[in-house]
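Visitor: I have a model open and would like to learn how to read it. Could you take me through it one feature at a time?

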Amino acid sequence: MSTTLLHPDRPAAPRTYASYSKPLWRRALLTREFAVIALLLVVYLYSLGNVPNFDGPLTLYYLFLDIAPILLIALPMAMVMITAEIDLSVASVVGLSSVLVGVLHQDGGLSIPAAALVAVVAGGVCGAFNGFLVSYVGLPSLAVTIGTMALYRGIAVGLLGTRAVTDFPERWTDLAKQRIFGDGTSYPMILIPFVLLLAVSAWLLHFSGFGRGIYEIGLNDEAAHFTGVDVERTKFLLFVISGAVSAFAGVYYTLRYGSARGDNATGLELQVIAAVVLGGVSVFGGRGALHGVVAGVVLIGVISSAMRLEGQTVNVINIVIGVLLVLSVLSSSLLAWAARQLQARSRGSRPTSRRRAVAAGIQKEGQER
């Protein structure tokens, strides 16, 4: 029997979630996402003062042009990975949509907007195929998307062969590289659809019941099912979104470089996954936030840009990013281990004080009687 039943006039102890027992500033600042943002600021400020030409007006412009496809794809990829799944076919969907835009425009005579719409729909169909196999058939997403990665890339190469389509209207290729508010700014036009997609994704993941279901699936999909979450439909929709956004990134990729090829964006999926994991999304699911993902993408872009300006090769850049990614994963594991050790110690010290309190209460009740 609890002390509240023995003494109804005694106020019950407040019950709170463990994470909310800490002050707000600790919950906001002592996170992996904030650590990535802080590291981004440090790297950026260091590059401004020490890397030649990094502070030039074109640096930010080309930086955002280069990382725009990764920024776009990383948003749905983060939600997919929070459910403890993965989509390795995103780069192949980029290549397939690029080929579709080129073939439909040159051989089919479609306008760029019509060809782009068909490509985005095709990307959604590719994502739906992935989602059906993962969600309703029950196959592991790693195996499924490895297979479809080869499948979609093979279709892209089969449609176009070894040739490239480069005959695109100049107004559309210029639009892909156009700046916001004219040539006086450092921000390309592609950031406008990215910001819109970020706003929708942030609302969907962090402020809706659908987003809460995503986290519940990542923590325990069976428990999420019994709490009313439609696990299959949620995963299916996330794969559809991932495919459609990847296809849109493929349209941008095609117009940005003015070339449609079957091997476009080869290896891009590894950069996306690295940025998402670096941004704080757990590879085991159930954890992550979009502001950390965006910071992770920009951090990788800043490091790559600064090292290229210093004359470093692509291999050296990949080594640095790989080491940073491994350290970020190790740091999260070490922090989780330290937190478990502290909780174990605190639990070990609680029984003594609790037994003393219970004994004192029993003794006091005996004296009152």
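Visitor: Which residues does Ala84 touch, leaving out those up to four places away in sequence?

Guide: Contact here means heavy atoms within 4.5 Å. On that basis Ala84 touches Gly218, Phe284 and Gly285. Ala84 also lies 9.9 Å from Val281, C-alpha to C-alpha, though 197 residues separate the two in sequence.

Visitor: What kind of model is this?

Guide: A predicted one, where local features need pLDDT of at least 70, side-chain atom pairs count only at pLDDT 80 or more, and totals for chains, interfaces and linings use all residues. Residues are numbered from 1 along each chain as its sequence is written, and side-chain values use heavy atoms, with hydrogens and water left out.

Visitor: What is the average pLDDT?

Guide: pLDDT is the predictor's confidence in each residue, from 0 to 100. The protein averages 85, and 84% of the residues score at least 70. Over residues 1-8 the pLDDT stays under 50, and the model has six contacts there beyond four places in sequence.

Visitor: What is the phi of Ala84?

Guide: Most residues other than glycine have a negative phi. Ala84 has a positive one, about 70 degrees, without being a glycine. Asn53 also has a positive phi, about 65 degrees, and is not a glycine. Asn53 is in the loop between α3 (32-50) and α4, and is exposed at 60% relative accessible area.

Visitor: At what angle do α4 and α12 pack?

Guide: Axes are lines fitted to C-alpha atoms, for helices over the stretch in contact, and angles run from 0 to 180 degrees between N-to-C directions. For α4 (residues 57-82) and α12 (residues 231-257) the angle is about 170 degrees, with the axes 8 Å apart. That makes the pair roughly antiparallel, a label for angles over 145 degrees. The contact includes Leu65 and Ile73 of α4 and Phe239 and Tyr252 of α12.

Visitor: How do the residues of that contact divide?

Guide: Ala, Val, Leu, Ile, Met, Phe, Trp, Tyr, Cys and Pro count as nonpolar, Asp, Glu, Lys and Arg as charged, and the others, Gly among them, as polar. The contact of α4 with α12 has 18 nonpolar, two polar and two charged residues.

Methods. Helix = DSSP H or I, 4+ residues; strand = E, 2+ residues; numbered from the N terminus. Parallel < 35°, antiparallel > 145°, perpendicular 65-115°, else oblique. Buried < 20%, exposed > 50% of the residue type's maximum accessible area, 1.4 Å probe, protein only.
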